[in-house]
Amino acid sequence: MNRLSQAALTLVAALSVSQALAATRGGQLVYGRYADSLFLDPVLNDANLDIWILTNLYDTLLQPTADGKGVQPGLASRYVASSDGKTLTLTLRPGLKFADGSALTGADVKWSLDRARKPDAGAWSSSLASIDTVTVSGNTVTLKLKRPDPTLPAALATFNAGIMPQKLFTAAPGKNDAEKAKAFAEKPIGSGPFVLSEWKRGSYMVLKRNPYYWKKGDDGKALPYLDSVRFEIIPDDNTRILKLQAGELQGAEFIPLSRVAELKRNAALDMELFPSTKVNSILMNNRPTLKNGTDNPLSDVRVRQALNYATNKDALIQVVTYGTGKPMTSYMSSTTPLFDSSQKGFPYDLAKAKSLLAASKYKGGFEVSVLATSGSADDLALLTALQQMWGAIGVRLKIEQVDAATKTARYRANDFQMRTAAWTNDINDPSQITSYYALFDNIESVHTGFKSAEIDKLFAQSQQELSRITRASQYRRIQSVYAAAAPIIYLYETPYPVALSKKVNGFVQIPLGNNIFASTWLTK
Amino acid sequence: MNTYVLKRLVQIIPTFLAVMLLVFLLVRLLPGDPASAVLGDRATAEIVERTNRELGLDRPLPVQFGLFVQRLLQGDLGDSISLKVPVLRLIAERLPVTLFLSVYAAVLGVLLAVPLAVLAAVRRNTWVDALIRGVFQVGLSLPVFYVALQLLTLLGARLGWFPIGGYGEGFTGHLYHLFLPALTLGLNLAAVLVRTLRNSVIEVLTAEYVSFARAKGLRGRVIMTRHVLRNALIATVTLLGLNIGGLIGGAVITESVFAIPGVGRLMVDAIFGRDYPVIQGLTLTFAVVVSLVFLVTDLIHSRLDPRVELN
């Protein structure tokens with residue numbers, strides 16, 4: 001073959017690859033969800049079912065990066081912090097519009113942030129608590145802060161800081177913000193890549209492309225590529241999978257981990273395991289006495305460590321997650337910013353577990369009860385495996401199955417000895433999970449009762465620390481102190497299992513769980 | 001008859017009041033509260049307290065009940081705690097779906113049960129009778145969700161004859177989409193009906209007036225439709241009426257498997273979410289629906305059996 005024909009072949013190959021990779025516009029993606037959204041207001045609600053849709057309807061000044069580690073420009077094309085860390089200046093992109101074509105102005109930004117940071121506005125107002133004033137001049141938004149706040153860029157990329165149209169919201173019927181929010185959430189007009197066009201509760205929801213969205217695709221035209229996304233609500237896992245296999249859906253979320261291997265073998269599907277911030281653990285009540293007045297062996301740190309060492313995480317990952325999980329080595333997931341990769345966690349070590357227990361006053365073993373969610377096959381598989389593992393050091397595990405609301409009520413009343421638990425971050429920063437898992441003053445360290453003066457101090461410092469290196473070292477220490485106290489049983493991290501038709505391209509579920517459809521396109 | 005219907009409708013009121021009080025108290029006896037259920041594990045005590053206050057759940061029970069009754073008299077069932085929309089609207093959107101499914105299932109159940117029961121009765125104690133009874137006995141002992149999944153897999157996924165779940169658009173769309181779930185429920189109902197109807201038909205077939213009709217020289221088909229079936233249906237209609245409640249109960253599971261947006265699924269979600277207004281509203285609706293079904297059953301009963309007097 002001469003050089004010319006080689007070059008021609010290369011050119012043809014390159015063209016055909018670029019042809020294959022070029023996004024095509026149009027079409028509707030039908031996506032199966034396990035449950036419907038509840039209430040589409042970014043400030044007054046914080047259920048994952050809402051958040052993961054809200055981020056498609058309301059854009060934020062900054063956005064979380066797809067790897068979950070940082071932030072990137074959103075409605076604001078740039079942001080600059082002052083050297084003392086007490087002023088953050090953001091520049092809005094020119095010509096921004098809401099989905100109805102009206103202009104998105106600095107006034108909307110100020111109103112949205114002021115609404116979101118009111119102390120009694122939902123559970124998330126504290127994420128913006130460091131803001132003292134929001135001022136606007138043209139395309140420049142200036143946030144004056146009460147104190148330096150390294151978490152603020154991530155907070156501005158979080159769902160509750162979504163920018164809403166002030167005029168449309170305030171024109172909605174209702175006497176107060178809560179009533180207006182109810183009315184506006186029925187037909188929200190936002191700044192995100194999509195706009196709600198139809199919602200039959202419990203059945204389906206259709207999001208249409210927002211023709212005024214600011215972000216451009218690879219073809220230089222405005223995103224999104226899709227005309228619409230239709231969410232079908234299909235609570236039953238088997239039905240969701242059957243519909244996908246029959247081609248009635250192009251995507252289905254929350255595939256049971258037990259079905260992942262089978263769907264991976266299906267040539268018509270892409271079985272995706274998107275990295276998540278999900279950590280699965282068992283929370284222990286660390287208090288000396290339980291709610292019923294009996295002594296609690298779990299108040300002894302050696303007992304808690306012993307149980308951790310007696311937990312064979314690799315075996316559990318095979319049994320419960322069908323090989324899709326990875327062992328937890330910190331209370332936060334490895335996808336969380338400032339996760340310390342040098343953490344060892346608790347490698348399976350039966351001898352160490354036995355010696356730790358022998359050093360406590362419970363060397364003969366004891367009985368411990370755990371709250372499980374009734375009907376959860378995963379909980380049951382996990383706990384029956386743990387019964388055997390902990391039986392090896394003389395600990396008898398009693399499983400108490402209760403429904404989710406009862407479990408939450410007993411947990412909130414500290415009326416439990418152990419319970420199964422899972423966590424996902426909502427913000428690209430370690431402060432959220434740390435404030436819940438390691439700080440007593442928030443919710444008693446996820447109701448374990450764990451309290452550490454050193455962590456309290458380090459956390460307070462880290463919340464104002466502008467140097468990322470220093471903040472990382474603070475978090476390294478926090479993770480080590482936490483591990484030494486072992487207030488929880490470290491289990492495993494699990495991914496988001498999403499099955500997609502081979503025709504679906506460019507879809508991503510980021511570690512926070514947000515479903516990103518803006519750059520998704522369908523092969524024709 | 002009009003007086004009878006009016007009387008029966010008035011009698012529904014005390015039932016309604018009893019159900020209202022009972023459900024109001026029962027939902028509050030469930031462990032856990034709506035604020036905790038809606039806000040989840042992460043909410044602080046302060047936020048839970050604030051939410052309970054906003055929902056009026058911090059007030060004494062008699063006050064809460066008084067407010068509930070007061071609203072009800074104004075035709076307001078309150079707003080769903082988790083969905084933030086009026087309960088009446090939710091019921092208006094979802095009840096027709098479940099009623100459509102239940103009636104569809106009842107029709108399929110009867111269409112299956114009547115001919116097969118008659119066949120079993122006419123060919124009693126033959127292999128045909130044994131086969132019909134055997135198949136339905138097995139069907140009755142299988143859990144609804146299992147039958148549902150098998151039908152979905154075979155007729156939906158493998159053969160592609162029916163859509164896998166959903167409700168569809170328009171009357172024919174609903175008929176098409178709800179065929180498999182209605183068949184699932186209908187099979188279960190037919191299993192109950194076949195047994196009773198077969199025994200009734202056998203009983204009537206051996207009655208003297210049937211022998212007389214035969215002696216008169218009436219044709220078999222005429223005897224069967226005019227005399228046998230009409231009489232045998234009396235017990236079946238009563239049984240069908242009693243099983244309507246069961247159909248709505250069965251709809252809870254069927255609606256989940258087939259992704260149908262009816263009240264069954266709404267009720268399950270409301271109970272798990274401790275959504276008091278939705279649970280209360282739905283229970284009251286069920287009470288009214290079941291009472292009306294019983295009334296209609298009695299009216300049909302009286303038409304089928306002239307000996308029954310409506311008073």
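How many residues does the contact take from chain B, and how many from chain A?

Reply: In this predicted model, the contact draws 36 residues from chain B and 38 residues from chain A. The size of an interface is often given as the accessible area lost when the parts come together. Here chain B and chain A bury about 3200 Å² between them, and carbon and sulfur atoms account for 52% of that area. Within the area that chain B buries against chain A, 24% comes from Asp41(B), Arg42(B) and Ile164(B), which is more than any other three residues supply.

Charged pairs also cross the interface. Between chain B and chain A there are five salt bridges. One residue already named takes part in a salt bridge: Asp41(B) is joined to Arg419(A), with the closest N and O atoms 2.9 Å apart. Polar contacts link 18 residue pairs across the interface of chain B and chain A, counting pairs in which both residues have pLDDT of 80 or more.

As to secondary structure, several helices of chain B each supply at least two residues of the side that touches chain A. They are helix H2 (34–39), helix H3 (45–54), helix H5 (87–122), helix H7 (144–158), helix H11 (220–257) and helix H12 (263–272). By class, this side of chain B consists of 17 nonpolar, eight polar and 11 charged residues.

Conventions. Residues numbered from 1 in each chain as written. Chains lettered and ligands numbered in written order. Predicted model: local features only at pLDDT ≥ 70, side-chain atom pairs only at ≥ 80, totals over all residues. Heavy atoms only, no water. Contact = heavy atoms within 4.5 Å. Buried area = accessible area lost by both parts, 1.4 Å probe. Salt bridge = Lys/Arg side-chain N within 4 Å of Asp/Glu carboxyl O. Polar contact = N/O pair within 3.5 Å; in protein donor to acceptor, adjacent residues only side chain to side chain. Helix = DSSP H or I, 4+ residues; strand = E, 2+ residues; numbered from the N terminus. Nonpolar A, V, L, I, M, F, W, Y, C, P; charged D, E, K, R; others polar.
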